[in-house]
Amino acid sequence: MHEKKLDISEYEQKCREILDDHEIRYAGLLDEFGTLLAGGYKPGMTIRLTDEKLQSVCKELASRVAKRKKFDEELGHVKYSASRREHVVIMSFPIYDKVIMLIAESNINIDRLAFRVISKLGRQWGEFVGE
């Protein structure tokens, strides 16, 4: 597996840029265990979860992202994944051994938001490999 050490301060800035999008409530860089490394809530915004439940969601999401990597050779790298729920959309963007997790408004256009986020992460849509 390709490993790269990420500059956490760079991703702190990228999460702030992502949070500038009016449809996003939460943007965080998580490690492989679901621990928040950078980012967080949009100021003044709630995400309908207690801190304890948010941590549980982060751990579960990081675990799912790691499990999906076993199919990369056959199916290609995951660019992003999204779960549309009644009240929010939760998205993940794998970045090497980390993941950007977003919580957004429930009525968003997932593909358009993914395109904007990947652009803010400094990648071109066609180049994004999710590794």
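This is a predicted model: local features need pLDDT of at least 70, side-chain atom pairs count only at pLDDT 80 or more; totals for chains, interfaces and linings use all residues.
View 1. Residues are numbered from 1 along each chain as its sequence is written, and side-chain values use heavy atoms, with hydrogens and water left out. Strand β1 covers residues 24–30 and pairs with β2 in the antiparallel sense over five bridges (pairing takes at least two DSSP bridges between two strands). Strands are DSSP runs of E, at least two residues, and helices are runs of H or I, at least four residues, numbered from the N terminus.

**View 2. An open sheet of five strands.** Going across, the order is β2-β1-β5-β4-β3, with antiparallel pairing. β2 (36–41) and β3 (81–84) each have a single partner strand, so one side of each lacks a neighbour in the sheet. On average, neighbouring strands here are turned by 10 degrees against each other, direction ignored.

**View 3. Helix α4 lying across β1, β3, β4 and β5.** The helix takes in residues 110–120 and runs at about 40 degrees to β4 (88–95). Axes are lines fitted to C-alpha atoms, for helices over the stretch in contact, and angles run from 0 to 180 degrees between N-to-C directions.

**View 4. Glu-12 in helix α1 (residues 8–19).** Leaving aside residues up to four places away in sequence, Glu-12 touches Ala-38 and Gly-39 (contact means heavy atoms within 4.5 Å). Ala-104 sits 92 residues from Glu-12 in sequence and 18 Å from Glu-12 in space, C-alpha to C-alpha.
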